[in-house]
Amino acid sequence: MPNVSVTARSTGWAVLTGTVLLSLGAVVAWAVATPSWSAAQLYSLVDLLDGIVYGTLAWLILSRQRTGSRMPAVIACAAALGSAVAACAGQWQLVVGGPPVLTALHRWAWVPGLYALVVVMPWLLPDRPLERFGRGAVAAGVGYVVVTMAAAVTAPPPLGVLPLPDGLRGVRAALLPVLPYPLVGLGLLACAGLGWRWRRGPAAQRHGLGWATAGSGLLTLAFLATLLPPAVPAALPALLMLASQAFFPAAVAVVVLRQQLWGLRLAVRRTLVWYLMTAVVIAAYCATVALLDRLLPQRLPLPQLVVTGVLAAAFQPMREVVQRRVDRLVHGEAPEPLLHRVVHSVGSTTEISATIAAALRLAEVRITEGGPQPPPDPYGCPLTVPLTSGDRLVGQLHAWPLPGELLDGRARESLAVLAPVVAAVVDLAGTNRDLARSRQRLAEVRDEERRSLRRDLHDGLGPALSGIGLGLAATRNLLRRDPDRAEDLLDRLTGELTARAAEVRDMAHGLLPPVLADGGLSPALHLLRDQYARSGLRIVLHGPATLTPLPEPVATAAYGVTAEAIRNVQRHAGVDRCTVSLDQRPDRLRVTVTDQGRGLPSGPTGHGVGLHAMRERAEAVGATLTVGPAGSRGTTVCLTVPLEQP
């Protein structure tokens, strides 16, 4: 595994193996001794639970941690091995009669790890550079653990294993009665620090800190209960300790999973469910049996039977609730609610990507449109899901896990479920953009046609009509003085009006010849040929004299493309001749306009309003338009329109 040393992995496996063997030894000794339930046995159960839980946590951190401080792993190792040793020693003490070394280990082996969990571990959540006060609090906690451990190992036999110089015995005797109180004080301070970071810290570092604050408070409360007067039942602190040690590791796991601390991978879903269920069942069983034993003092199996039946009946519903909570914690939202949110999303693909990434706890999700393309690479190789709409590939969805993690099966399944909906959204967004561009191009074409019509009216028909008006005024002045000149002028004005009327008819036919209403493309092109012939451009028509009647939209589109192509020849080709070829078959119509003029410009093409207009007309009827060179010089415009089979 990259970025994890062999030594760390080996240490993790060694700690896990040691805690498992010690825990099995404790269970075997308990089965041999079969002690009755008591406060001491509850504390031994706490030690056994701590060994199993923190042994697993230490193995997980050491084998997978890639970033951050190593102190959490050290604390987890100390808590795991110390608690497992204490549990094993306590049970074998009952079997073999209590050798001093077992008594000593049972009394203080758990101290360094468990005390560090109370006074040091809360300051390490979340993983961040410690401020000055935090560093001071951690140093104070470590110092307290060292002093307490020194006092434990130097206790008089059978609890101690190291001798203490005579000069320090008085100091130890003075410290021993007050040592539990700094533990509670430092624990409350650590809990308050967690609570402050939960309420006031950066938003990205608050996830799960509420659970950790509650777990730290419960753990400190359990140690505070040990300082209560003797009148309090001895089982109460033990039960509180059992509950706190069942809750605090789960609370730490919540912070780790929500914030992805220390680079751990999300491979603990089933383990967390198993742990929570085991802890809840054990805690509920022990607490309820102890309570019923007090309410029913007679030695009857009734408490055990009742509790066992209730827990058996409630186990499955409880497991489903825990499973849903853990799934949401580890994997984020299930596909169904997330699918609902994406379906009702009206934002951009960027907003949809952010929604999916936040819901599934991914580092980033990006959506690329327009078919296959190499994905961006901000976090390494992503999971790529194709987005298809019908048979078309409309884009791809790229998902990156958080640093140091892998995408599991649930995340892949969620992305696969979301892919069709995201594809529909992407396709709809692309269609909307195409529609917006089409509207813009149509507006540009309409404006260009209006400008062209304005030029024709302003520069041609307008001055001509003004000249005719002036000629009529001159004719009126000549009627009495020179009737012959007046008659001659009227003849010329009549000819001018006739020419301008023909020009107006040509302009009207150029916009949309009436014969197109009946699908008469060939007659319309003959009229167009005659019109341009009067302006000096010769159009040669090739093809059948008559065509099979065409649908009006097809005939109009073909005529519009042909007219625009001929207009471009007249304006830009620099020639006085072009060829229009018609080829009609049952399944398609092809119209080709060819000239031998200047050809296409060498720079970028395809952005003129005229070409946009031709492409727009072609797309409207599902046709294909190609524009290219015609041999060594000139230009060819080819329109191919599919026709429905009768």
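## R588 and its partner D583

Let's start with a polar contact: the side chain of R588 meets the side chain of D583 at 3.1 Å. The model here is a predicted one, so all the distances that follow are computed from its coordinates. The pairing of R588 and D583 also qualifies as a salt bridge, with N and O 3.1 Å apart.

D583 is partly exposed, with a relative accessible area of 28%. Beyond residues up to four places away in sequence, R588 touches D583, T640, V641, P642 and L643.

## D595, at the other end of β6

Strand β6 covers residues 588-595, and D595 belongs to it. Is D595 buried or exposed? With a relative accessible area of 7%, D595 is buried. A polar atom of the D595 side chain lies 2.8 Å from the backbone nitrogen of G597.

V580 is 15 residues from D595 along the chain, and their C-alpha atoms are separated by 9.1 Å.

## Helix α18 and the glycine after it

What follows α18? The next residue is G574, with a positive phi near 75°. For context, most residues other than glycine have a negative phi.

## A cis peptide bond

Another backbone detail to look at is the bond between L125 and P126. The peptide bond joining these two is cis, with omega at about -10°. P126 is placed in the loop between α5 (111-119) and α6 (132-153). As a general point, most peptide bonds are trans.

How many salt bridges does the structure hold? There are 8. Side chains of opposite charge can pair when their charged atoms come close.

One of these bridges joins R492 and D488, whose closest N and O atoms are 3.8 Å apart. Both residues are in helix α16 (residues 483-511), and because they are 4 residues apart there, about one helical turn separates them. An α-helix has 3.6 residues a turn, so residues three or four places apart point the same way. R492 is exposed, with a relative accessible area of 55%, whereas D488 counts as partly exposed at 42% relative accessibility.

Another salt bridge links D530 with R529, with the closest N and O atoms 3.5 Å apart. D530 counts as partly exposed at 33% relative accessibility, and R529 is partly exposed too, with a relative accessible area of 28%.

Which element gives the patch its largest share? That is helix α7 (residues 166-175), which supplies 3 residues.

V171 is found in α7. With a relative accessible area of 46%, V171 is partly exposed.

## The protein as a whole

Stepping back, the secondary structure comes to 19 helices and 8 strands. The protein has 646 residues, of which 42% count as buried. Among contacts between residues at least 6 apart in sequence, 70% join residues at least 24 apart.

The protein exposes about 33,600 Å². Carbon and sulfur atoms supply 62% of that area.

Key. Residues are numbered from 1 along each chain as its sequence is written. This is a predicted model: local features need pLDDT of at least 70, side-chain atom pairs count only at pLDDT 80 or more; totals for chains, interfaces and linings use all residues. Side-chain values use heavy atoms; hydrogens and water are left out. Helices (H or I, at least four residues) and strands (E, at least two) are DSSP runs, numbered from the N terminus. Buried means under 20% relative accessible area, exposed over 50%, partly exposed in between (1.4 Å probe, protein chains only). A polar contact is a pair of N or O atoms within 3.5 Å; within protein, one must be able to donate a hydrogen and the other to accept it, and residues adjacent in sequence count only if both atoms are side-chain atoms. Contact means heavy atoms within 4.5 Å. A salt bridge is a side-chain nitrogen of Lys or Arg within 4 Å of a carboxyl oxygen of Asp or Glu. Accessible areas come from the Shrake-Rupley method with a 1.4 Å probe; for residues, only the protein chains shown count as cover.
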